[in-house]
Amino acid sequence: MTLHDLALAVGNSGVGAWMRSNLHAMPVVEATHVLAAATVLGTVLVVDLRLLGFTDRKRAVTVVSREMLGFTWAGFVLAVITGVMMFAANANTYYGNTAFRIKLLLLAAAGLNMAIFNLGALRSVVQWDLQQRTPRAARVAAALSVLLWVSVIFVARWIGFTKGYDFAVPDNVDLDLTIP
Amino acid sequence: MNTTFRLGRVGVVTLLLGAAAAMPALAHHSFAIFNMEQTRVFTGVVTRINPDANHLQIFFVPMNDERKGVLRSEDGKPMVWAVEMAGSAQAASQGISVNSLPPGTYISVALHPLRSGEAAGSRAETGAIYRCPDKKAPEAGKHCDTVEGRLAFGDGPLAAAKD
């Protein structure tokens, strides 16, 4: 099963059919996706701004990050669910969309950046938890995080305006009007 | 005082939600790019459907007048047309979906062509899209609405051609 087959299977699912045929499904799911994305970006920014030294050093990095993490994950899970639902509505078109592909790569990069930060700079956090100026590795991770998540939002908005038309004729369509 | 204010806000929110719910019924863009004075009627073979939430498009290759083959360019390539309509959910309410019009289906549709001359148009406001029974093309010069066992998606007869 190729990635394209998987995408088509998602599109042909009951969720896909429901999204295509229910008048209110797309606007409601779309709005929920925006709210979820706003939650992810907002809570990620709170932590990143602390790491970059823009907010109060009396608030420990670990406290700020612990407060936000639950909201970030909840928002992310909701965004993934609503995102898959929107994808299912028109899987073939989104699959071939360049902006959509770039968005997935940016999401992967943001996740990787977060993982590297967790396994690296964050391990020594007790030493700089209450410092205004955090280690360079932490600031680089935070700056990258802001850049990547903001880029995700921008490129995501591009998807809706670059869906394009596919005039190609699939191979299995009989255009010779053969009578069986 | 405070309570009144809150009720007011709830009212506004309710109104906004109501407006949002009514939105899909409206067109997503203007029709200026289409020549609404002209109507062309095609019978053709469906190649694919793009079930876009804002505008569903059916891609098809028109049959020739004899209904014995499809229109092709000089180098033999099939001439694919696209007909655009309301969003996928509104189209689905008339039975138009990726499942009801799979690739290879014969359909008849009336459309207002693009002013640019490109092979696409906006579905005529009135009349149904007709589906021929599987592999049964209409007689020469006729459309699926004349074929026994046809299916209609939408109401009314196939819109008439107009120049």
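Student: Which residues does Ser122(B) touch, not counting residues up to four places away in sequence?

Tutor: Contact means heavy atoms within 4.5 Å. By that rule, Ser122(B) touches Phe31(B), Phe34(B), Val83(B), Glu84(B), Ala110(B), Leu111(B) and His112(B), with residues up to four places away in sequence left out. Please note that this is a predicted model, in which local features need pLDDT of at least 70 and side-chain atom pairs count only at pLDDT 80 or more, while totals for chains, interfaces and linings use all residues. Residues are numbered from 1 along each chain as its sequence is written, chains are lettered from A in the order in which they are written, and side-chain values use heavy atoms, with hydrogens and water left out.

Student: Where does Ser122(B) lie, and is Ser122(B) buried or exposed?

Tutor: Helices (H or I, at least four residues) and strands (E, at least two) are DSSP runs, numbered from the N terminus. Ser122(B) belongs to strand E5 of chain B, residues 120-123. Buried means under 20% relative accessible area, exposed over 50%, and partly exposed in between (1.4 Å probe, protein chains only). Ser122(B) counts as buried because its relative accessibility is 6%. By contrast of setting, Ser97(B) is found in the loop between H2 and strand E4 (106-113) of chain B, and at 23% relative accessibility Ser97(B) counts as partly exposed.

Student: How is the size of an interface expressed?

Tutor: The size of an interface is often given as the accessible area lost when the parts come together. Here buried area is the accessible area (1.4 Å probe) that two parts lose on being put together, summed over both. Between chain B and chain A this area is about 2,300 Å², and carbon and sulfur atoms give 60% of it. On the side of chain B, Arg48(B), Ala89(B) and Lys135(B) lose the most area to chain A, together 23% of what that side buries. In terms of contacts, 35 residues of chain B meet 26 residues of chain A.

Student: How many residue pairs are in polar contact across the interface of chain B and chain A, and which elements of chain B take part in the side that touches chain A?

Tutor: A polar contact is a pair of N or O atoms within 3.5 Å; within protein, one must be able to donate a hydrogen and the other to accept it, and residues adjacent in sequence count only if both atoms are side-chain atoms. The rule finds nine such residue pairs across the interface of chain B and chain A, both residues being at pLDDT 80 or more. Strand E1 (40-51), strand E2 (56-62), strand E3 (81-84) and helix H2 (88-92) of chain B each supply at least two residues of the side that touches chain A. E1(B) gives the most to that side, with six residues.

Student: What is the N to O distance in the salt bridge of Asp176(A) and Arg72(B)?

Tutor: The distance is 3.7 Å, N to O, for the side chains of Asp176(A) and Arg72(B). The pair crosses from the segment after H8 of chain A to the loop between E2 and E3 of chain B. Asp176(A) is exposed, at 55% relative accessible area, and Arg72(B) is partly exposed, at 37%. Arg48(B) also forms a salt bridge with Asp166(A), the closest N and O atoms being 3.2 Å apart.

Note on methods: A salt bridge is a side-chain nitrogen of Lys or Arg within 4 Å of a carboxyl oxygen of Asp or Glu.
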